[in-house]
Amino acid sequence: MTTSTTTRTRARPAAVILTPAAEARIATLMASAPDSAIGVKLSTPRRGCSGIAYSVDYVDAANPMDERIETPGGTFFIDGGSVLYLVGSTMDWVEDDFQAGFVFQNPNAKGSCGCGESFTV
């Protein structure tokens with residue numbers, strides 16, 4: 001008797017969840033991006049009081065190690081070396097009377113500095 005096994009794969013969830021406001025901001029950024037930009041990239045460089053900061057910049061070349069999320073307004077990349085610090089995070093765009101910027105809810109962050117510029121895992 002021969003048995004057959006079927007392997008099923010399911011789509012892997014994105015490392016970072018983008019709110020509708022974050023997606024809209026990415027669309028705004030891409031609408032005025034330099035001609036060479038192919039998307040917007042999130043990375044976590046080492047800096048700040050707590051050691052790791054969030055950085056969002058234009059990207060002009062795809063890196064095969066980066067996570068890639070297609071949004072209605074353009075491609076959003078997550079630095080491959082930063083994914084472990086960001087898995088399960090939510091990225092939002094928040095504006096008020098005094099400031100505007102991306103805000104992160106990161107379940108991996110064990111602490112952050114007083115100014116909110118950096119975090120530690």
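In this predicted model, Asp66 and Lys41 are both buried. Their side chains meet in a salt bridge, with a distance of 2.8 Å from N to O. Asp66 belongs to the loop between β4 and β5 (67-71), while Lys41 is in strand β2 (residues 39-43), so the bridge ties together parts that are 25 residues apart in sequence.

Lys41 has a further partner. Its side chain also meets that of Asp79 in a salt bridge, here at 3.9 Å from N to O. Asp79 lies in the loop between β6 (74-78) and α2 (83-86), and Lys41 in strand β2, so this pair connects parts of the chain that are 38 residues apart in sequence. Why is Asp79 partly exposed, and why does Lys41 count as buried? The relative accessible area of Asp79 is 22%, and therefore Asp79 is partly exposed, as that class lies between the limits of 20% and 50%. Lys41 has a relative accessibility of 18% and so counts as buried, because buried means under 20%. Through shared partners, the salt bridges join Lys41, Asp66 and Asp79 into one network.

The structure holds 3 salt bridges. One of them is formed by Arg68 with Glu70, whose closest N and O atoms are 3.0 Å apart. Glu70 has a relative accessible area of 53% and is therefore exposed.

Strand β5 contains Thr71. This residue has a relative accessibility of 9%, and so Thr71 counts as buried. What does the side chain of Thr71 reach at 2.4 Å? It is the backbone oxygen of Gly74. When residues up to four places away in sequence are not counted, Thr71 touches Leu18, Glu23, Ile26 and Phe76.

The aromatic rings come next. A pair of aromatic rings is described by the distance of the centres and the angle of the planes. There are 2 aromatic pairs in the structure. Tyr54 and Phe104 form a stacked pair, with 3.9 Å from centre to centre and 10° between the planes. This pair links distant parts of the chain, 50 residues apart: Tyr54 is in the loop between β3 (52-53) and β4 (55-59), and Phe104 is in strand β8 (residues 100-105). Both Tyr54 and Phe104 are buried.

Trp93 and Phe102 also form an aromatic pair: the ring centres are 4.9 Å apart and the planes stand at 70°, so this pair is edge-to-face. The relative accessible area of Trp93 is 16%, and therefore Trp93 is buried. Phe102, at 19% relative accessibility, also counts as buried, because the limit is under 20%.

Arg25 lies over the face of Trp93, at 4.4 Å from the ring centre. Arg25 is placed in helix α1 (residues 20-31), and its relative accessible area is 26%, so Arg25 is partly exposed. Which residues is Arg25 in contact with, leaving aside neighbours within four places in sequence? They are Trp93 and Phe102. Although Arg25 and Phe102 are 77 residues apart along the chain, their C-alpha atoms are separated by 8.9 Å.

Technical notes. Residues are numbered from 1 along each chain as its sequence is written. This is a predicted model: local features need pLDDT of at least 70, side-chain atom pairs count only at pLDDT 80 or more; totals for chains, interfaces and linings use all residues. Side-chain values use heavy atoms; hydrogens and water are left out. Rings of Phe, Tyr and Trp (its six-membered ring) pair if their centres lie within 6.5 Å; planes under 30 degrees apart count as stacked, over 60 as edge-to-face and the rest as tilted. Helices (H or I, at least four residues) and strands (E, at least two) are DSSP runs, numbered from the N terminus. Buried means under 20% relative accessible area, exposed over 50%, partly exposed in between (1.4 Å probe, protein chains only). A charge sits over a ring if NZ of Lys or CZ of Arg is within 6 Å of the ring centre and within 35 degrees of the ring normal. A salt bridge is a side-chain nitrogen of Lys or Arg within 4 Å of a carboxyl oxygen of Asp or Glu. A polar contact is a pair of N or O atoms within 3.5 Å; within protein, one must be able to donate a hydrogen and the other to accept it, and residues adjacent in sequence count only if both atoms are side-chain atoms. Contact means heavy atoms within 4.5 Å.
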